[in-house]
There are 2 protein chains.
Amino acid sequence: IKNSWDDLQDFARKAYEMGRSDPRKVIFAIKMGLALSIASLLIFWKGSYEDIAQYSIWAILTVIVMFEFSIGATFIKGFNRGLGTLCAGILAFCFAELSIVAGKLEEVVIVLSIFIIGFCASYLKLYPTMKPYEYGFRVFVLTYCILMVAGNRTREYTEAVLTRLVLIAVGAGVCFVVNICIYPIWAGESLHNLVVKNFKDLATSLEGCVNGYLKCVEYERIPSKILTYQAADDPLYNCYRSVVQSTSQEDTLLGFATWEPPHGRYRLYNYPWENFVKVSGAVRHCAFMVMALHGCILSEIQAPPERRQVFYSELQRVGAEGAKVLRELGSKLERMEKLSSGDILENVHEAAEQLQKRIDHKSYILVNSESWEIGGRPQELEDLKNLVDIQEDEHVQLGFKSLSETVLDLRSIPVRTASLPPCDAAKNMFRRWPSNLSSNAESFVKGDECKTYESASALSLATFASLLIEFVARLDNVVDSFEELSQKANFKEPIINMPPGPGKKRVGTWVV
Amino acid sequence: IKNSWDDLQDFARKAYEMGRSDPRKVIFAIKMGLALSIASLLIFWKGSYEDIAQYSIWAILTVIVMFEFSIGATFIKGFNRGLGTLCAGILAFCFAELSIVAGKLEEVVIVLSIFIIGFCASYLKLYPTMKPYEYGFRVFVLTYCILMVAGNRTREYTEAVLTRLVLIAVGAGVCFVVNICIYPIWAGESLHNLVVKNFKDLATSLEGCVNGYLKCVEYERIPSKILTYQAADDPLYNCYRSVVQSTSQEDTLLGFATWEPPHGRYRLYNYPWENFVKVSGAVRHCAFMVMALHGCILSEIQAPPERRQVFYSELQRVGAEGAKVLRELGSKLERMEKLSSGDILENVHEAAEQLQKRIDHKSYILVNSESWEIGGRPQELEDLKNLVDIQEDEHVQLGFKSLSETVLDLRSIPVRTASLPPCDAAKNMFRRWPSNLSSNAESFVKGDECKTYESASALSLATFASLLIEFVARLDNVVDSFEELSQKANFKEPIINMPPGPGKKRVGTWVV
């Protein structure tokens with residue numbers, strides 16, 4: 001008893017929290033109560049039409065099934081209800097005439113007609129494109145049955161149909177008036193906000209991934225929820241997961257939004273809602289790259305931290321610029337502004353170019369020349385390299401050195417290592433291998449294995465960089481679909497706050 | 001008119017096709033019609049209880065709202081309906097007494113109570129964990145209103161409540177009997193089939209990706225549907241997309257399956273359905289890697305085909321072995337068998353090891369040594385390399401050569417090129433760059449650019465290989481969750497058809 005009382009208190013607190021964080025939910029509940037009360041006033045109708053009080057339940061029923069969270073959903077339900085009822089009314093009228101003509105076989109005709117109606121409606125509602133009208137089929141069967149039952153009892157089919165239609169119309173009217181006039185909740189706006197949120201979430205995720213990778217974040221044990229793609233506590237993971245998962249929600253909202261009349265900031269007739277979904281799809285296409293980047297962090301094969309340091313500033317810059325672009329697009333979408341005249345991708349492209357060049361110049365770090373078939377590294381190359389390493393004005397002194405050497409070298413990275421958690425490269429890399437290795441460890445040369453791992457681990461850094469560059473390439477696509485949307489939806493021109501000032505004259509811009 | 005007649009014919013043909021391809025849908029529709037007809041027989045009840053015919057609509061209503069495609073869904077709806085009706089009945093009884101006591105204020109009490117009930121139910125049904133009971137809240141409000149209306153008219157609240165409860169029970173009984181006794185459709189079985197299908201789809205996608213990559217499949221123009229993650233015609237894309245997209249369907253089916261009693265092949269009490277979803281999640285985790293692999297095909301930066309040839313057999317073997325493992329797991333899951341004693345991953349791990357070693361030995365192909373900061377490639381290395389290239393027993397003669405050279409070299413690949421579509425490496429690589437380049441082409445050294453692209457394009461091959469190896473690593477996770485499932489669900493021991501025969505004695509197996 002004590003426990004369940006605590007549970008109840010907990011539930012009440014959470015329910016209260018829900019209302020505070022999203023007041024729309026409270027408003028919706030109040031509106032629903034209000035619409036119901038208004039419809040229920042019909043019960044007390046006293047006057048010439050006694051029937052109205054008797055059948056008032058039809059108006060109430062209509063309110064209960066039609067009143068939905070968003071205006072669009074209410075419209076769809078209303079359409080379904082109207083069409084379903086009308087069809088059922090017509091059919092019921094026909095079959096009723098038939099059953100009266102049939103005389104003795106009346107009951108057989110009625111039961112048979114119900115079977116046929118039930119069969120057809122149930123079958124057709126499984127048809128793929130009929131999904132949004134599922135409710136309509138249900139209403140159709142329901143109304144048909146009710147009319148047959150009521151008509152059969154009183155033999156006044158016409159009256160039964162008409163009274164009900166009027167009351168359903170009254171109920172629908174109450175729904176629409178209450179739902180639209182009092183603090184309307186538009187599905188279109190929810191869709192808009194969802195897409196904006198996707199932009200922001202992805203930016204957070206991207207930054208988290210790149211920074212995590214550079215800080216050599218390690219999962220002690222990867223949560224099995226991530227491995228089975230369930231919701232987990234990891235914020236980085238949750239952000240991109242929500243972007244990927246929002247498809248079905250978007251589709252639902254899109255279905256509702258297309259039913260909504262022009263309103264508020266969305267004043268166009270035939271507002272291009274599907275373009276919002278398209279933009280979100282392009283963002284999702286980027287999210288899959290962030291997912292792959294996160295895969296590099298989750299992977300068993302990890303690049304040694306010193307090598308990551310070599311590309312530290314470039315990787316970080318691409319991550320930061322990419323996130324900036326996403327955030328800017330997100331806030332432009334939020335304010336419904338067109339893109340400014342400058343190339344929004346300029347900085348991120350430049351950053352990607354820097355990274356690419358850096359990789360190009362330092363690609364010897366990414367491979368393991370010791371096992372090249374072309375005869376190993378010649379002594380001359382090594383000597384030369386050692387010489388250059390010393391001369392280099394780099395913070396790091398890593399090249400072809402073997403793993404054991406590089407670990408020792410950690411001390412010689414002067415600046416950035418301070419902020420790093422102590423990563424033991426050798427331990428990281430072999431974290432999960434040994435369990436598999438031990439079974440047949442004696443049967444092969446350990447040294448050879450080590451080299452193979454080492455090369456795999458270095459290549460994982462190349463993979464991370466490639467994926468990041470591919471992410472930047474995919475941003476183009478986001479910008480394109482954003483521009484298409486901003487054209488079609490007639491976004492306003494951006495307000496330029498800053499004086500145009502002398503822009504930095506840049507030469508040699510490399511555009512991905 | 002002619003057009004709409006054609007449309008109608010088309011629709012009829014498709015509807016017929018739907019029934020032929022999935023007979024369960026026809027059966028469901030027949031069952032629904034049958035249940036409705038049985039319930040409608042109550043209309044003709046003649047006897048002492050006249051009320052039953054009058055209120056027979058309640059039984060029909062119950063059938064209409066409760067009869068769902070799968071047994072589990074019917075149970076959930078039945079539970080919702082029962083609980084909702086009961087709560088509403090009790091509350092209606094209380095408020096009815098209150099309203100009679102209130103005397104003159106009766107109408108105010110009734111309207112107020114309806115408002116409160118409507119508010120509470122609408123608010124609570126928005127609570128996240130209440131999602132599956134949404135229908136219950138609706139029934140609750142509906143029943144409450146109906147009882148108040150009916151009771152208010154006749155003043156016989158108790159009788160109104162009881163008659164309706166009995167009729168609802170009758171309707172629910174008809175639903176359960178018809179739905180369970182005649183060709184039952186189980187949500188659990190659908191879930192099982194869905195997970196099996198995911199295994200097969202992913203295997204197809206993986207093979208398609210690897211083979212497509214090796215055959216240098218190029219998208220003339222990437223369908224914008226892929227770029228915005230919408231359903232497209234591309235089978236390769238559709239297969240992995242359906243794996244990724246099946247989350248929500250799985251969750252729905254899981255919700256239904258947990259309500260189903262033990263049946264058929266699923267005879268355990270508390271069958272571990274959630275483990276099926278977990279296995280599917282692990283498959284999805286792999287699918288994201290296949291998605292990233294496909295990203296390499298979609299990418300603008302493409303590795304030149306000759307370089308792909310260097311790793312042809314290794315890449316293909318990993319792809320084929322990976323798909324084989326997925327297919328085997330899928331068919332084992334289909335037959336509900338445990339894993340055989342041998343290591344199912346042995347072959348794929350070996351293949352991954354081969355690939356890794358090959359990369360290790362050939363990693364000079366993946367980088368561009370010309371721009372190394374350590375002073376470019378020394379002449380000695382180059383000479384040596386040229387020498388080794390000639391001596392090598394490889395089909396390909398590619399190493400550090402510049403792009404223009406490699407294109408000419410295509411002729412010298414004797415065996416596999418025959419089956420290849422003519423890929424012009426230079427053209428592929430710069431397919432989409434020029435449009436961007438032209439704007440500021442004069443401002444930088446073209447030659448330098450070319451090298452940077454070349455190195456990026458070679459690294460993209462390294463990325464593909466890394467991702468493939470990461471895919472293999474993720475297979476472990478699938479096997480683990482499969483084993484957990486097979487333990488919990490008590491799968492049968494595998495039937496060994498082949499004689500145990502002398503297994504190949506292998507040494508030095510490298511296990512990822």
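Axes are lines fitted to C-alpha atoms, for helices over the stretch in contact, and angles between them run from 0 to 180 degrees between N-to-C directions. The exercises below apply this definition and others to a predicted model.

**Exercise 1. Describe how helix 11 of chain A and helix 13 of chain A pack together.**

Step 1. Locate the two elements: helix 11 of chain A covers residues 235-245, and helix 13 of chain A covers residues 273-298.

Step 2. Consider the geometry. Their axes come within 9 Å and cross at roughly 150 degrees. Helix 11 of chain A is therefore roughly antiparallel to helix 13 of chain A, because angles over 145 degrees count as roughly antiparallel. The crossing of helix 11 of chain A with helix 13 of chain A is left-handed.

Step 3. Identify the residues. Helix 11 of chain A contributes A:L236, A:Y237, A:Y240, A:V243 and A:V244.

**Exercise 2. Determine the relative orientation of helix 9 and helix 12 of chain B, and the make-up of their contact.**

Step 1. Helix 9 of chain B (residues 187-214) packs against helix 12 of chain B (residues 247-257) at an angle of about 150 degrees, and the axes are 8 Å apart.

Step 2. It follows that helix 9 of chain B is roughly antiparallel to helix 12 of chain B.

Step 3. From helix 9 of chain B, the contact draws on B:A187, B:G188, B:S190, B:L191, B:L194 and B:N198. From helix 12 of chain B come B:Q249, B:E250, B:L253, B:L254, B:F256 and B:A257.

Step 4. The residues of this contact between helix 9 and helix 12 of chain B divide into 7 nonpolar, 4 polar and 1 charged.

**Exercise 3. Classify the orientation of helix 4 of chain B to helix 5 of chain B.**

Step 1. Helix 4 of chain B (residues 56-66) and helix 5 of chain B (residues 71-102) have axes that come within 9 Å and cross at roughly 135 degrees.

Step 2. Helix 4 of chain B is therefore oblique to helix 5 of chain B.

Step 3. B:W58, B:L61, B:T62, B:V65 and B:M66 of helix 4 of chain B make the contact with B:T74, B:K77, B:G78 and B:R81 of helix 5 of chain B.

Step 4. By class, the residues of this contact of helix 4 with helix 5 of chain B are 4 nonpolar, 3 polar and 2 charged.

**Exercise 4. Describe the surroundings of A:R138.**

Step 1. A:R138 belongs to helix 7 of chain A, residues 134-154.

Step 2. Is A:R138 buried or exposed? Its relative accessible area is 13%, so A:R138 is buried, the cut-off being under 20%.

Step 3. Not counting residues up to four places away in sequence, A:R138 touches A:K125, B:I64, B:V65, B:E68 and B:K77. A polar atom of the A:R138 side chain lies 2.9 Å from the backbone oxygen of B:I64.

Methods: Residues are numbered from 1 along each chain as its sequence is written. Chains are lettered from A and ligands numbered from 1 in the order in which they are written. This is a predicted model: local features need pLDDT of at least 70, side-chain atom pairs count only at pLDDT 80 or more; totals for chains, interfaces and linings use all residues. Side-chain values use heavy atoms; hydrogens and water are left out. Helices (H or I, at least four residues) and strands (E, at least two) are DSSP runs, numbered from the N terminus. Buried means under 20% relative accessible area, exposed over 50%, partly exposed in between (1.4 Å probe, protein chains only). A polar contact is a pair of N or O atoms within 3.5 Å; within protein, one must be able to donate a hydrogen and the other to accept it, and residues adjacent in sequence count only if both atoms are side-chain atoms. Contact means heavy atoms within 4.5 Å. Angles under 35 degrees count as roughly parallel, over 145 as roughly antiparallel, 65 to 115 as roughly perpendicular and the rest as oblique. A crossing is left-handed if the near helix is turned anticlockwise from the far one by less than a right angle, and right-handed if clockwise. Ala, Val, Leu, Ile, Met, Phe, Trp, Tyr, Cys and Pro count as nonpolar, Asp, Glu, Lys and Arg as charged, and the others, Gly among them, as polar.
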